[in-house]
Amino acid sequence: MRLWIAVLSLATLCAQEHYKKPPQDVLRVLDAPGAPQESLNPPRTHMLILRARRYPPIREVSQPMLRMAGMRVNPRTNGPHLGTVFTAMSLMEIATGRETKLTLPADPRLQMPRWSPDGKRFAFLHTNGDQIELWLGDVSGQLRMVSGVRVNAAYTGTGLRVSGDTIQWMPDGRSLLVKSVPASRGAAPVAPDVPMGPNTQESHGKYSPVRTYQDLLTSAHDMDLFDYYMTAQLLKVDVASGKTSTFGEPGIYSTIEPSPSGQYILFHKIQRPYSLLHTAGAFPRDIAVWDPSGKVAAKLFSRPLEDGIPIEGVATGPRSIAWRPDEPATLFWVEALDGGNPKRKVDHRDKLMTFKAPFQGQPAEWTRVKNRFTAVDWGKGFALIRDNERDRRWVTTSMLSLRDEGAAPKVIFSRSSQDKYRDPGTPMEETAPNGQRVLIQDGDDIFLNGEGATPTGARPFLDRYNIRTGEKKRVFRSGEQGHERVIALLAHDGSHFLTERESPTVPQNYFVRGVDGTARALTDYRDPAPELRKIRKQLVKYKRPDGVDLSFTLYLPPDYKEGTRLPTVVWAYPREFTDADVAGQFGGSTERFTTLAGTSHLFFLLAGYAVLDDASMPVVGPPETVNNTYVEQIVASAKAAIDKAAEMGVTDPQRVGVGGHSYGAFMTANLLAHSDLFRAGIARSGAYNRTLTPFGFQSERRTIWEAPEIYLRMSPFMVADKIKEPLLLIHGEADNNPGTFPIQSDRMYQAVRGNGGNVRLVFLPHESHGYVGRESVEHTLAEMIEWFDKHVKNPH
């Protein structure tokens, strides 16, 4: 009889459950609308304001999905499986603030619009049933569909959103290129009922470390499907008439970029053989340029599969190929001088090359950079080049003349890439009339837009910077009360600019500001969840025993009574640092509008918990060996946070839970295994066995064969027998993040359970690394609150 009861209990614990709902207070906040997104036209005279749908129903998340070389395709639409969908759009004239609500197609499901270079028109994609349509709009507010175009938006590049190359405006703004489903395409390949034979892979002595990617091709049939859904026929659309004509040959195009003159179009065409270990971004490809008629004007490179790249290295041969914005048709690219190996000692890591139309003869070397090239910004007569020194995590910005070929680069900024307080800001850019991105200039002055991190919180700023003299002048800085950031300059002299301002009690709104201090409101969005204004938050600073500065943002629930000790949630994400002095820097702000959305841990506030948000978990040390003391450092940081909150009288140290997502989940399991600080833990979408990520993870540069003891010691799976506090594991069944395969949570559950631990595993159907479906979001919040209510708030 006892045996029968035990079996029945186990069957109950393993059964599939119905979706749960969290408390009503949580549901009301989930239903509140989110903040809008903006899209300014290049002249910055008009702005599109878009509202996104926040939580698609699970029936939509459950639509068919093909996992194809790192991308996810809905075969019904020949577009991305999921992504941001906008359901409302309005057009605002910046000068007057007049806002016009645009009349959208029925059941609107829009992608982010793309403006023409002259800013008079915009184009966007709309999913209508089983196809994706192309729509055009203009600054008068008129919208129209381009008939006869079925868009192929399958090649996303990231698997999360439609690539900018699905639609590409020509520089004159009178026409655009769009990827379409080939008119002659037949039915999709059908998987054979009986396999032709085994799927095989083979390697011949080549050093080829590779990350543990998901959504890879697995068979010859997968390759056929990849060809079928990714192959697109480019169409050239005349904007005035709406007429279309084919352009070039059908192919799988990852890049389409017109030259500044519009006389050439750069394209990357993916070719076989495909890989079963890499995503599409590493596949072989031909790189060439078309002429205006769609004929190949010049074949540039045939790039092989990007295999055998060292850890934290780059591919050999041309990379980052693009047009120079300051010339009609000159290509620019970067080539490694160290074989792509960051450990090789060389005087210069990269060289920068140029190649002018008509692309005959040999490319010219432009300059060399000492460290790894990361980015370039183009100005009038000069370029700003950024490179990164891997060993010190150091970033340098240098100015290079475009007129004096013999001039040496001049260093203008140099700092630790992790030093938030010394960040000079990002040079502001605009879209030039030729469609290229260039620096905004007022004579020799450029404009730097920064977040302005300080020990007391971020105060965004706008600076003028003279590139010849190095003189800097502050144009704007957010006040100590509230948080205001510059979105765009509205005048080249910086006299007027667009900002987004918010405060703990007022949501984000747009303002036109002048250097004379004037401010004109463009919007007046109201608080969508007034009940959240009773939440209190403050920045709290403290130290770890080894002297490292730490901080967390303390959130207290509505109607908190001073002096009451509360059950507390510590939510964190570890980060690696080379320098202890920058490890404790604070990059956030307590002056921002408090919002709760998605599966945010801040929903615990509505259940009566205090939350120590983003509690510092720095792991400090030399880049090559930083993880040697990972466990000791996160335990010390966690204890310091609890001690500080208890000292303040807000936390009951006997009722503290810990949680995290992804690498934060890894941290959570480790803290439960290596300390007795917490009553329970919540680990979402984590990786717990580092033997399954053998070629590195996060900032770990060593392989498991180089540092086996570190991989084993850091893996909570290996010490699952020490996890005695209750652990809730949540994972999306369709997780696509490198390393965090769902099997990680499955095996962790079995390990803790097999060693007598208290553990629950929740797999969310069809969800990825983050959870987006309405039912999944509600269920996750219900699970989290129930788990901590049972094991932290009211422990037995």
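The exercises below work through a predicted model of one protein chain.

Residues are numbered from 1 along each chain as its sequence is written.

**Exercise 1. Confidence**

Task: State the mean pLDDT of the protein chain, and find stretches where the pLDDT is below 50.

Solution. 
- Step 1. pLDDT is the predictor's confidence in each residue, from 0 to 100. The mean for the protein chain is 94, and 97% of its residues reach 70 or more.
- Step 2. Residues 1-12 have a pLDDT below 50. Beyond near neighbours in sequence, this stretch has one contact in the model, where contact means heavy atoms within 4.5 Å.
- Step 3. Residues 158-164 also have a pLDDT below 50, and this stretch has 16 contacts beyond near neighbours in sequence.
- Step 4. Where pLDDT is low, the predicted coordinates should not be read in detail.

**Exercise 2. The whole chain**

Task: Describe the secondary structure, dimensions, burial and charge of the protein chain.

Solution. 
- Step 1. The protein chain has ten helices and 48 strands. Helices (H or I, at least four residues) and strands (E, at least two) are DSSP runs, numbered from the N terminus.
- Step 2. The C-alpha trace spans about 80 × 75 × 60 Å along its principal axes.
- Step 3. The radius of gyration is taken over C-alpha atoms, and the globule rule is 2.2 Å times the number of residues to the power 0.38. For 796 residues a compact globule would come near 28 Å, and the 27 Å of the protein chain agrees with this.
- Step 4. Of the 796 residues, 57% are buried. Buried means under 20% relative accessible area, exposed over 50%, and partly exposed in between (1.4 Å probe, protein chains only).
- Step 5. Take the contacts between residues at least 6 apart in sequence: 59% of them join residues at least 24 apart.
- Step 6. Lys and Arg count as positive and Asp and Glu as negative; His and the chain ends are not counted. The place of a charge is NZ of Lys, CZ of Arg, CG of Asp or CD of Glu.

**Exercise 3. Helix α4**

Task: How many residues of α4 are buried, and which strands do they pack against?

Solution. 
- Step 1. Helix α4 covers residues 220-230, and eight of its eleven residues are buried.
- Step 2. The buried residues include His221, Met223, Phe226 and Tyr228.
- Step 3. The buried residues of α4 pack against β3 (66-68), β4 (71-74), β14 (232-238) and β15 (244-251).
- Step 4. Tyr228 and Gly186 are 42 residues apart in sequence, and their C-alpha atoms are 9.0 Å apart. Gly186 lies in the loop between β13 and α4, and its relative accessibility of 45% makes it partly exposed.

**Exercise 4. Backbone angles**

Solution. 
- Step 1. The bond joining Arg272 and Pro273 is cis, with omega about 5°. Pro273 is in the loop between β17 (265-270) and β18 (285-290).
- Step 2. The bond from Ala357 to Pro358 is cis, with omega near 10°. Pro358 is in the loop between β22 (350-356) and β23 (364-369).
- Step 3. Arg44 is not a glycine, yet its phi is positive, about 60°. Arg44 lies between β1 (37-40) and β2 (46-52), in the loop, and is buried at 10% relative accessible area.
- Step 4. Asp215, a residue other than glycine, has a positive phi near 60°. Asp215 is in the loop between β13 (175-180) and α4, and is buried at 7% relative accessible area.

Note on methods
This is a predicted model: local features need pLDDT of at least 70, side-chain atom pairs count only at pLDDT 80 or more; totals for chains, interfaces and linings use all residues. Side-chain values use heavy atoms; hydrogens and water are left out.
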